[in-house]
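Hello,

Here is the structure I promised to pass on. My notes follow below it.

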Amino acid sequence: MGNDGVIIVQKGLLKFSNSKMLNITGFSEEEAIGQPFTNFIAPEHIEMVQERYLKRMNGEEVPEKYEIEILSKKGEKIPVEINASIIEYEGQPADMAIIRDITERKKAEEELRDSEEKYRGIFDDSIAAIYIFDEKKNFIDSNKAGLDLLGYSKVELLNMSIPDVDANPTVVLPAHEQILSGERIINYEHKLKKKNGTVITVLNNSKPLTDVDGNVIGMQSTLIDITKRKTSEEALLMEKQRLEDVTSQVNCGLFMLDNKARVTYPTKSPKNGLDHLKRSKANYAGNFSIKSHKNVQVSKFLEQEKWSAVNRL
């Protein structure tokens, strides 16, 4: 209580004020003592404070602790927390109030609200899916992109947990354990099942959420749908394998040209590929400049085709 202001009000007048209370408001003892206590309360709070004071003095039950704003000598409003109770002062009932200046706390709360509003804007407007989970892996929040990704409404999703949407729940358990132990996961690929049953591949970046004591209380996950990319990569790998299978069996020179008519994929067989090209270059519809086994420049070679099988002459 040493850092708190203390006042005693009797019959509506200020009878006592400690030095801390005088420091908070800027009034001298002579200026404050004997004045109606309502003179020191911000106008919008006077009615409520006066009503509670009268009820308390009449023995009625009212909240002991509440927040209001009081006035400094300069007329500035100071947010305070009040804890009031009835005592006996100079032989008569009086109201004693312990008054704590909460200016810094209110400032911190305002900064937190601003930060939360800014975060909420980023959260809601993000094109990446963002989910918040508790320590039991239940959904507790999602942005619009997250709802669109899985196809659920917010009401539906907030009644679900991670296993409900994981396509392979056991596969991702080690990643979940890593996050809930306090570590991040970065660019982790796994599969999810949408409401309509479609399985998608996502890139997951997740971090643990902690309380003020550092205890993990949940996690935040940011997901990007990479299903199309993975499909394209798989198709390219299949095409590459098919090409290698074909070129390993043909008995002729086989070349791939880029958009500048440069050979990018000759067959690996010396007798089929470049050696054959060296022997018969005059027979092709173009001119060749052969510099080395790894660098064959083609100035003009069947311009309408990317691929051509060069038959043995």
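Which residues does isoleucine 68 touch, not counting those up to four places away in sequence? The list is Ile41, His45, Met48, Val49, Ile78, Pro79, Val80 and Ile82. Keep in mind that this is a predicted model.

Now the core around that residue. Ile68 belongs to the largest nonpolar core, which has 22 residues. Ile7, Ile68, Ile70, Val80, Ile82 and Ile99 touch the most other members. Six elements each supply at least two residues of this core: strands S1 (5-10), S3 (65-71), S4 (77-89) and S5 (92-101), plus helices H1 (19-25) and H3 (43-57). S4 gives the largest share, four residues. There is also a second, separate core of 20 residues. Ala129, Ile162, Val165 and Ile179 are among its members. In soluble globular proteins, nonpolar side chains tend to be buried together.

Next, H3. This helix has 15 residues and reaches 22 Å from its first C-alpha to its last, close to the expected 21 Å. His45, Val49, Tyr53 and Arg56 are buried in H3. An α-helix has 3.6 residues a turn, so residues three or four places apart point the same way. The buried residues of H3 pack against S1, S3, S4 and S5. Glycine 59 follows H3, with a positive phi near 85°.

Finally, the whole chain. The protein chain has nine helices and 14 strands. Of its 313 residues, 36% are buried. The chain exposes about 19400 Å², and carbon and sulfur atoms supply 51% of that. Among contacts with a separation of 6 or more, 42% join residues 24 or more positions apart.

Best wishes

Conventions:
Residues are numbered from 1 along each chain as its sequence is written. This is a predicted model: local features need pLDDT of at least 70, side-chain atom pairs count only at pLDDT 80 or more; totals for chains, interfaces and linings use all residues. Side-chain values use heavy atoms; hydrogens and water are left out. Buried means under 20% relative accessible area, exposed over 50%, partly exposed in between (1.4 Å probe, protein chains only). Contact means heavy atoms within 4.5 Å. Accessible areas come from the Shrake-Rupley method with a 1.4 Å probe; for residues, only the protein chains shown count as cover. A nonpolar core is a set of buried Ala, Val, Leu, Ile, Met, Phe, Trp, Tyr and Cys residues joined through side-chain atoms within 4.5 Å. The expected span of a helix is 1.5 Å times one less than its number of residues.
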